[in-house]
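Hi everyone, thanks for coming. Please have a look at the model on the screen, and then I'll walk you through a few places in it.

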Amino acid sequence: MRAAEIAAGVRAGTLRAADLTEQHLARIAEREGEIHAFNHVMADEARAQAARIDAAAAAGNDPGPLAGVTVALKDNMCTRGVPTTCSSRILEGWKPPYNATVVDTLHAAGAVVVGKTNLDEFAMGSSTENSAFGPTRNPLDTSRVPGGSSGGSAAAVAAGFSQFSLGSDTGGSIRQPAALCGVVGVKPTYGYVSRYGLVAFASSLDQIGPFTSSVEDAALVLDVIGGHDPHDSTSIPQQHPSLVDSLQQGVEGLRIGRITDLPEGADPDVNERLEAAFEALAAAGATIVDVEVPAFTFGLTAYYLIAPAEASSNLARYDGVRYGMRVEAADTNAMYGATREKGFGDEVKRRIMLGTYALSAGYYDAYYGKALKVRRLIHDDFERAYTKADVLLTPTSPSVAFEFGSKGDNPLAMYLCDTYTIPTNLAGHPGMSVPYGTGAHGLPVGVQVLAGTLQEPTMFRVAAALERSVS
């Protein structure tokens, strides 16, 4: 059942939010021990919210466009009075005094929050193996990773623990796990959704977006959570058009771009599904055009200077003084070092050191400054490509879900998982992953649809056509 159908039923009284919530909590109880999608299940809070929604509907009031629809939140989004840990020991047990804007928006829309999902610590990773609280497993094959960093959010939807979930995407952390778990994942235009209350990794790259089981649900959720927020200075100050209204428009006359200089590295089974997607869109009336994005290949290099640099600044606040873990020591400086040594995991420490080095005297211009120039080149190359094509199609991930431990000893191999997703974050453009059949081992393959700034309606038109072609 689609989210819109659920909400309509709850508003009409033919469905009860309490019953729907209990169904999802029962699924969580059945498989959570096997999958570990959650850091914290909010059963009591979910039941109370469901009861309020049912009471409002019974009184003749409209509970909202997501009435009774269950949602799981990545555990880097602040929830008042509920632990928000970023899957890090340094924030273990911390309870924010306020909600992220998206949390308040979801409550106002009638959604029921069932829990906070596991992630790679501070959203740094591509497999959810870096969580301080243990890895999340892919519900489709528990010997394999769900992707990352929003692996818990992707797994929650794939396992039926919630109707939808929210994740954050800094370099592919929504789209890559969506591809590996066989669900829809969307990174909107930078500034489309408020970041207020999202614990920062790299502030110029982070963006919140949904995981859903259908393109229609993703459109509905973005219609609800998108929009200007005065609490976020980077929030786009304009009204966004309805994405749900764009879904039935088809792709006839649209130009679908094939990037001829796309970096190699995708497995043959992934490339086969991408070719099938091009063929399906052509059969639906679209025109396939060749485009070039020369700077695309430099995305990974630029990202792993810019993102760690921003992370080294953002994570400096975790020092044992104001909130979170504190390790007592002989003096203040020793306490800083001991707290951060014990509180942060290896991957977070690696990125902090890399970012600090890139920003240090004598290296700023050589590394960080050049990376910013490459970022501008990537943006400009995309802009030129969008004069020739309405959207671009690429693989989302170079491979299907990989086995636990297969890349953990080789950080570069893990970083390469985001080859096709990172450039879009650097450009600030929207992108989404749509499940498009299966590849090796019968596991899902995701096709990535990319579009220009605020071209979400066109992106969703193409995504809906792709979904129809495999349904």
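This is a predicted model: local features need pLDDT of at least 70, side-chain atom pairs count only at pLDDT 80 or more; totals for chains, interfaces and linings use all residues.

Residues are numbered from 1 along each chain as its sequence is written, and side-chain values use heavy atoms, with hydrogens and water left out.

Let's start with the empty space. Rolling a probe the size of a water molecule over the atoms shows where such space is left. How many cavities of 30 Å³ or more does a search of the whole structure find? There are two. A cavity here is a set of points, on a 1 Å grid over the protein atoms alone, where a 1.4 Å probe fits but cannot get out, and lining residues have an atom within 4 Å of a point. Points are joined across faces, edges and corners, and the volume is the space filled by probe spheres set on them.

The largest cavity holds about 60 Å³. Its lining has 13 residues, with Gly125, Gly171, Ser173, Tyr303 and Asp418 nearest the centre. By class, that lining has five nonpolar, six polar and two charged residues. Nonpolar covers Ala, Val, Leu, Ile, Met, Phe, Trp, Tyr, Cys and Pro; charged covers Asp, Glu, Lys and Arg; the others, Gly among them, are polar.

The second largest cavity comes to about 40 Å³. Its lining has six nonpolar, four polar and no charged residues, among them Ala179, Leu180 and Val270. Which strand gives the most to this lining? That is S11, with three residues. Helix H6 (175–181) also supplies at least two. Helices (H or I, at least four residues) and strands (E, at least two) are DSSP runs, numbered from the N terminus.

Now for Val103, which sits in helix H4 (residues 101–108). Val103 is buried, at 1% relative accessible area; buried means under 20%, exposed over 50%, and partly exposed in between, using a 1.4 Å probe and protein chains only. Leaving out residues up to four places away in sequence, Val103 touches Leu73, Cys78 and Thr79, where contact means heavy atoms within 4.5 Å.

Cys78 is itself buried, at 2% relative accessibility.

Notes
On a 1 Å grid over the protein atoms alone, a cavity is a set of points where a 1.4 Å probe fits but cannot get out, and a pocket is an open set with protein on both sides within 12 Å along at least five of seven lines; lining residues have an atom within 4 Å of a point.
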